[in-house]
Amino acid sequence: MMINLKITVFVLCIVSALSLRAENRFETLCWDAMVDMTNQYSLSEKINNAEVYRWVNDNYVYKPLKTFLKKKWLITLKSNKDFTLNNLYVMKDKYLSSCVAAISKTK
């Protein structure tokens, strides 16, 4: 009985560690992509959607991330022409959780 309990606890620890690690990968993927795209387009006078779509397609493979960048992150960048990396860092938790939610629900 005690051995079964130890095995169960061990398995639960491994499962929770793997799920935390997966979430961390999504956060890293999102953060890197948002920083890259912000660097690429934050200083642009006018953001050309076709150019951004091409850039995203050339630089990212994961389809849910590409969709997020094109449909949500692009809107964020275009809605504030003065958006910079500083804005991204200040609102990091908000933007990161939005991206992770968008790309992890479509696994």
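Predicted model: local features only at pLDDT ≥ 70, side-chain atom pairs only at ≥ 80, totals over all residues.
1. Overall fold. The protein contains five helices and zero strands, and its order along the sequence reads α-α-α-α-α. Among contacts between residues at least 6 apart in sequence, 69% link residues at least 24 apart.

2. Burial and surface. Of the 107 residues in the protein, 31% are buried. The accessible surface amounts to about 7,600 Å², and carbon and sulfur atoms account for 58% of that area.

3. Nonpolar core. The largest nonpolar core holds 27 residues, and the members touching the most others are Met 34, Met 37, Leu 65, Phe 68, Leu 69, Trp 73 and Leu 88. Two or more residues each are contributed by helix 1 (2-41), helix 2 (49-59), helix 3 (63-79) and helix 5 (92-104). Helix 1 supplies the largest share, eight residues.

4. Surroundings of Trp 73. Leaving aside residues up to four places away in sequence, Trp 73 is in contact with Met 34, Met 37, Thr 38, Phe 68, Phe 83, Leu 88 and Tyr 95. Of these partners, Met 34, Met 37, Phe 68 and Leu 88 are, like Trp 73 itself, among the core residues that touch the most other members.

5. Packing of helix 2 on helix 3. The axes of helix 2 and helix 3 come within 10 Å and cross at roughly 140°, which means that helix 2 lies oblique to helix 3. The crossing is right-handed. On the helix 2 side, Asn 49, Val 52, Tyr 53, Val 56 and Asn 57 take part, and they meet Lys 66, Leu 69, Lys 70, Leu 74 and Lys 78 of helix 3.

Definitions and conventions. Residues numbered from 1 in each chain as written. Heavy atoms only, no water. Core = buried A, V, L, I, M, F, W, Y, C linked by side-chain atoms within 4.5 Å. Buried < 20%, exposed > 50% of the residue type's maximum accessible area, 1.4 Å probe, protein only. Helix = DSSP H or I, 4+ residues; strand = E, 2+ residues; numbered from the N terminus. Contact = heavy atoms within 4.5 Å. Areas by Shrake-Rupley, 256 points an atom, 1.4 Å probe, with all protein chains shown as cover. Axes fitted to C-alpha atoms, helices over the stretch in contact; angles between N-to-C directions. Parallel < 35°, antiparallel > 145°, perpendicular 65-115°, else oblique. Left-handed = near helix turned anticlockwise from the far one by under 90°.
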